[in-house]
Amino acid sequence: MIICSCNAISDKDIHAAIDWIRAADQRTIITPGKIYRALGKTPDCGGCMKLFVASMRANPNLEVPMELRGLRSQRRLPHEGRQKGHRISQQGAAG
């Protein structure tokens with residue numbers, strides 16, 4: 001089935017690209033952009049993106065590598081870990 005009519009990309013093309021990318025690098029996160037690049041194409045209008053991503057998700061090789069899972073859920077320190085009073089006051093800088 002044709003997924004991207006602008007570039008004539010089929011669901012089989014998407015799955016082949018995902019399989020090729022995963023075989024080349026087990027630790028990579030596969031994105032639509034990487035698939036387009038693997039196919040030697042560039043996105044045009046973006047109208048296919050919902051269907052493109054749905055087709056990607058149907059491939060079992062799309063999974064995020066285990067060591068990269070949960071990075072978003074890790075607790076981040078507020079203010080990049082700085083103490084609350086990390087800035088020089090206006091008065092101290094003027095003198």
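The model on screen is predicted. N7 sits in the loop between β1 and β2. Although a loop residue, N7 counts as buried, with a relative accessibility of 16%. Now label T42 and turn to its backbone oxygen, which lies 2.9 Å from a polar atom of the N7 side chain.

**The whole chain**

Zoom out and colour by secondary structure. There are 4 helices and 2 strands, and the order from the N terminus is β-β-α-α-α-α. The chain has 95 residues, of which 22% count as buried. Switch to a surface view: the accessible surface comes to about 7500 Å², with 53% belonging to carbon and sulfur atoms. For contacts, take those with a separation of 6 or more; residues 24 or more positions apart account for 56% of them.

**The cysteines**

Next, select C4 and C48 and show their side chains. How far is the sulfur of C4 from the closest cysteine sulfur? The distance is 3.9 Å, to C48, and that is too far for a bond, because a disulfide requires sulfur atoms within 2.5 Å. C4 itself is buried, at 2% relative accessible area.

Move to C6 and C45. The sulfur of C6 has its closest cysteine sulfur in C45, 3.7 Å away, again too far for a bond. C6 is partly exposed, at 40% relative accessibility. The count of disulfides for the model is 0.

**Helix α1**

Select residues 11-24, which form α1. Draw a distance between its end C-alpha atoms: they are 20 Å apart, in agreement with the 20 Å that 14 residues should span at 1.5 Å a residue. Now look down the axis of α1. Its buried residues fall within an arc of 130 degrees and so line one face of the helix. To see that face, show I14, A17, I18, I21 and R22, which are buried. What do the buried residues of α1 pack against? Their partners are β1, β2, α2 and α3.

**Helix α3**

Go on to α3, residues 49-57, and show F52, S55 and M56, which are buried. Viewed down the axis of α3, the buried residues lie within an arc of 105 degrees, so they line one face of this helix.

**The loop between α1 and α2**

The last stop is I29, in the loop between α1 and α2. Is I29 buried or partly exposed? I29 is partly exposed, with a relative accessible area of 42%. Show K34, P65 and L68 as well; I29 touches these residues, not counting those up to four places away in sequence. Finish with a C-alpha to C-alpha distance from I29 to P65: 7.4 Å in space, against 36 residues in sequence.

Definitions and conventions. Residues are numbered from 1 along each chain as its sequence is written. This is a predicted model: local features need pLDDT of at least 70, side-chain atom pairs count only at pLDDT 80 or more; totals for chains, interfaces and linings use all residues. Side-chain values use heavy atoms; hydrogens and water are left out. Buried means under 20% relative accessible area, exposed over 50%, partly exposed in between (1.4 Å probe, protein chains only). The arc is that of the directions from the helix axis to the C-beta atoms. Contact means heavy atoms within 4.5 Å. Accessible areas come from the Shrake-Rupley method with a 1.4 Å probe; for residues, only the protein chains shown count as cover. The expected span of a helix is 1.5 Å times one less than its number of residues. A polar contact is a pair of N or O atoms within 3.5 Å; within protein, one must be able to donate a hydrogen and the other to accept it, and residues adjacent in sequence count only if both atoms are side-chain atoms.
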